[in-house]
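Have the viewer open and follow along.

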Amino acid sequence: MEQLHLPASHKAQGAITLPGSKSISNRTLLLAALADGVTVIRDLLASDDTARMLEALSALGVKLENISENAWQVTGCSGNFPNKQADLFLGNAGTAFRPLTAALAFSGGDYHLHGIARMHERPIGDLVDALQQVGAQVSYLGNTGYPPLQISPAQLDVSQAIKIRGDVSSQFLTALLMALPLTGQAASIEVVGELISKPYIEITLNLMQRFGVTVHRDGWQHFYIAAGARYHAPGEIYVEGDASSASYFIGAGIVAGDVTVNGVGAQSIQGDIRFAEAANLMGGRISYGDNHVRAENTGTLKAIDLDCNHIPDAAMTLAVMAMFVHGDSDQDRTTTLRNIASWRVKETDRIAAMATELRKVGATVVEGPDYIQVTAPLQLTPNAVIDTYDDHRMAMCFSLLSLAGVPITINDPKCVGKTFPEYFKVFASIVR
């Protein structure tokens with residue numbers, strides 16, 4: 001297995017520019033494909049996940065042109081994919097698999113959707129159940145509730161509210177919201193239980209509006225789409241920098257120096273920009289511009305107890321930052337991150353993986369069904385070898401530990417290609 005050795009370091013200083021947001025990139029690609037007209041997408045993330053979406057859209061007959069670096073011209077198909085039969089391999093890209101499942105269920109074709117082994121372990125049953133409520137023909141080719149899937153033509157009836165659970169993955173609701181305008185009919189969705197990761201739904205609603213479809217909502221339980229809603233190309237659209245990826249550099253600045261992150265700012269539509277507020281609670285100093293965030297160390301970090309439902313991906317960085325907390329008692333050094341059940345169904349079981357790897361560097365960790373509690377040791381264990389579980393965020397999070405003055409080794413560092421292929425090169429540019 002390939003390994004990357006990160007030497008002990010003590011300071012992070014400088015400025016970096018983020019790659020485009022994965023969440024925004026793949027949503028924008030699909031909306032552009034479903035729209036009337038031509039959309040030019042600039043600053044699109046170049047990564048494994050966006051590559052899988054581009055491949056899938058091409059296989060479905062959508063005309064795509066790479067007009068310059070990270071800029072694509074998409075000729076929309078007006079909600080009707082030209083190819084009515086396709087075999088789509090989607091890797092481990094949840095932001096491609098879930099929305100495409102819903103869109104293709106409403107597309108009147110025969111489609112086979114599959115991915116890597118881990119994708120076939122990630123639940124999709126709640127989305128399939130919701131689609132079957134309106135008559136969609138979606139069947140499981142392996143274990144019930146999980147990919148791979150076969151989609152067939154069907155007669156659809158969206159006259160009744162579609163019920164979908166909100167407590168497993170917000171991507172299921174995103175998929176339904178993005179697909180329902182394809183029916184041309186008035187439609188409504190009722191969320192059953194608490195909706196997790198609400199900021200990701202806000203991204204979806206914001207982008208749908210950019211493409212001409214306004215979703216009306218009653219709190220976070222009911223969503224309404226008017227009859228005749230259609231997607232229209234906005235002409236040109238820019239992808240924001242990835243706020244989840246910003247968390248590693250904001251974290252680096254907070255624990256070890258002074259780092260400016262370009263590409264997101266105070267007006268970001270991404271919920272993970274609020275990671276900066278959480279980092280601030282730990283004792284750092286945060287300042288914002290229109291297109292940048294600056295993070296500075298102020299001396300001593302303190303433990304926090306935080307509901308992280310609003311920043312599920314970025315909260316992983318807080319778990320590693322908890323290792324930099326000082327205090328005389330275990331209680332003073334114990335950080336608790338709550339309401340993170342969605343970690344269990346991501347690229348890996350992130351609660352279990354985080355607990356296992358933090359223990360390697362000396363942490364005392366308690367894991368629950370939807371929380372993790374991290375007690376920093378008085379002294380970190382050097383030369384730990386960190387497993388990454390084919391999970392990009394595990395690799396990026398744990399790089400921060402080298403800033404505590406301990407060398408570490410990251411196994412399978414290239415897993416960062418899912419969202420940030422140049423991550424370790426950029427991280428090295430700020431480490432002193």
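Is Glu296 buried or exposed? With a relative accessibility of 16%, Glu296 counts as buried, where buried means under 20% relative accessible area, exposed means over 50%, and partly exposed is what lies in between (1.4 Å probe, protein chains only). Before going on, a word on ground rules: this is a predicted model, so local features need pLDDT of at least 70 and side-chain atom pairs count only at pLDDT 80 or more, while totals for chains, interfaces and linings use all residues. Residues are numbered from 1 along each chain as its sequence is written, and side-chain values use heavy atoms, with hydrogens and water left out.

Back to Glu296, which pairs with Arg294 in a salt bridge whose closest N and O atoms are 3.5 Å apart. A salt bridge here is a side-chain nitrogen of Lys or Arg within 4 Å of a carboxyl oxygen of Asp or Glu. Arg294 itself is partly exposed, at 32% relative accessibility. The structure holds 27 salt bridges. Another of them joins Asp167 and Arg165 at 3.0 Å, N to O; Asp167 is partly exposed at 34%, and Arg165 is partly exposed at 40%.

Arg344 and Glu367 make a salt bridge too, with 3.2 Å between the closest N and O atoms. This pair links distant parts of the chain, 23 residues apart: Arg344 sits in the loop between β19 (334-338) and α10 (350-360), and Glu367 in strand β20 (residues 364-367). Helices (H or I, at least four residues) and strands (E, at least two) are DSSP runs, numbered from the N terminus. Arg344 is partly exposed at 24%, and so is Glu367 at 32%.

Asp313 lies in the loop between β18 (305-307) and α9 (315-321) and is buried, with a relative accessible area of 8%. Setting aside neighbours within four places in sequence, Asp313 is in contact (heavy atoms within 4.5 Å) with Tyr200, Ser244, Asp272, Lys346, Arg350 and Arg393. Asp313 also belongs to a network of salt bridges that includes Lys22, Asp49, Glu347, Asp391 and Lys418.

Lys22 brings us to helix α1 (residues 22-34), whose 13 residues reach 19 Å from first C-alpha to last, close to the 18 Å expected at 1.5 Å a residue; that expected span is 1.5 Å times one less than the number of residues. In α1, 13 of the 13 residues are buried, so the helix is largely enclosed by the rest of the structure.

Now for the nonpolar cores, each a set of buried Ala, Val, Leu, Ile, Met, Phe, Trp, Tyr and Cys residues joined through side-chain atoms within 4.5 Å. The largest has 79 residues, of which Phe81, Leu100 and Phe223 touch the most other members. A second, separate core of 76 residues includes Ala12, Ala243, Leu306 and Met396. Beyond its sequence neighbours within four places, Leu100 is in contact with Leu30, Met53, Ala56, Leu57, Leu60, Leu90 and Leu113.

Finally, find Tyr111 in strand β7 (residues 110-114). Tyr111 is buried at 0% relative accessibility, and its contacts outside four places in sequence include Leu60, Phe81 and Ile151.
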